[in-house]
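Subject: Structure handover

Hello,

Here is the structure I promised to pass on. Please open it first, then read my notes below.

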Amino acid sequence: MLFPIGDDQVKGGHFPLFSYLFIVLNIIAFYFQLISPGMLISEYAAVPAEIESGRNLPTLFTSMFMHGGFGHLLGNMLFLWVFADNIEATIGNVRFIVFYLLGGIAAHAAHIYFNPGSVVPTVGASGAISAVMGAYMVMFPSSRVKLWFFFLIFRVPAFLFLGIWIWMQWSSGWDALEVGAEGGGTAWWAHIGGFVFGFAAGLYFRFAYPMERVKEADESYA
């Protein structure tokens, strides 16, 4: 497996407070999931059928801070840690909060559209983080992402890594539709919907909030 473990950093800008705070909140939420098995999922996970009928709408937000297991949590937090800080440093703290939450809503909308009437609970920050990745691809396409693969560490341009990532989500999403499944437990269309939203937002951010883009890769990694 390829894991991103760092990237080039923007110079200056806003301190990415909420990029790190969201990581803390996700970890705290998961701790409470562990000490009360099943209870938080039943209360705070988003169920497409309920959302369609206008019930339990706050779960669109609460579900973004819950996860299905340690691997789910760790993977999402790693991607959030690597990709979110540059965006928040560029667009500012309050704008980042709004962008992140709207990205999660866009991800839910895509998942519900392709899984109407589903009663399977949805949890995870993946949709909102996918929005972060979509924006990153536009705003920092030439930023070098530091990847770990077994004993190898190497760097690739962000547009290449993120392009391959979204292609994998797209392929898996269509495969799930063809077999009439909900992705084997993975909300592929939430990833795709979040990424598309983030990509569109990133086009705006890139020109609305210009700044000196990156430090040299050898100086600092997120």
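A residue counts as buried when its relative accessible area is under 20%. F22 has 6% relative accessibility, so F22 is buried. F96, at 0%, is buried as well. Bear in mind that this is a predicted model.

Now the aromatic rings. The count comes to 27 aromatic pairs. One of them joins F22 and F96. Their ring centres lie 6.2 Å apart, with 35° between the planes, and the pair is tilted. F22 sits in helix α1 (residues 17-35) and F96 in helix α6, so this pair ties together parts that are 74 residues apart in sequence. F96 also pairs with F99. Here the centres are 6.4 Å apart and the planes stand at 50°, so this pair is tilted too. F96 and F99 are 3 residues apart in α6, about one helical turn. Both F96 and F99 are buried. Ring pairs link a cluster that includes F18, F22, F96, F99, F197 and F205.

Next, the helix packing. The axes of α6 (residues 93-114) and α9 (residues 188-208) come within 7 Å and cross at roughly 140°. The two helices are therefore oblique to each other. Their crossing is right-handed. The contact residues divide into 11 nonpolar, 5 polar and no charged. Among them are F99, L102 and A106 in α6, and W189, F197 and F205 in α9.

Last, W167. W167 lies in helix α8 (residues 158-178). At 59% relative accessibility, W167 counts as exposed.

Best wishes

Methods
Residues numbered from 1 in each chain as written. Predicted model: local features only at pLDDT ≥ 70, side-chain atom pairs only at ≥ 80, totals over all residues. Heavy atoms only, no water. Helix = DSSP H or I, 4+ residues; strand = E, 2+ residues; numbered from the N terminus. Buried < 20%, exposed > 50% of the residue type's maximum accessible area, 1.4 Å probe, protein only. Axes fitted to C-alpha atoms, helices over the stretch in contact; angles between N-to-C directions. Parallel < 35°, antiparallel > 145°, perpendicular 65-115°, else oblique. Left-handed = near helix turned anticlockwise from the far one by under 90°. Contact = heavy atoms within 4.5 Å. Nonpolar A, V, L, I, M, F, W, Y, C, P; charged D, E, K, R; others polar. Phe/Tyr/Trp six-rings, centres within 6.5 Å; stacked < 30°, edge-to-face > 60°.
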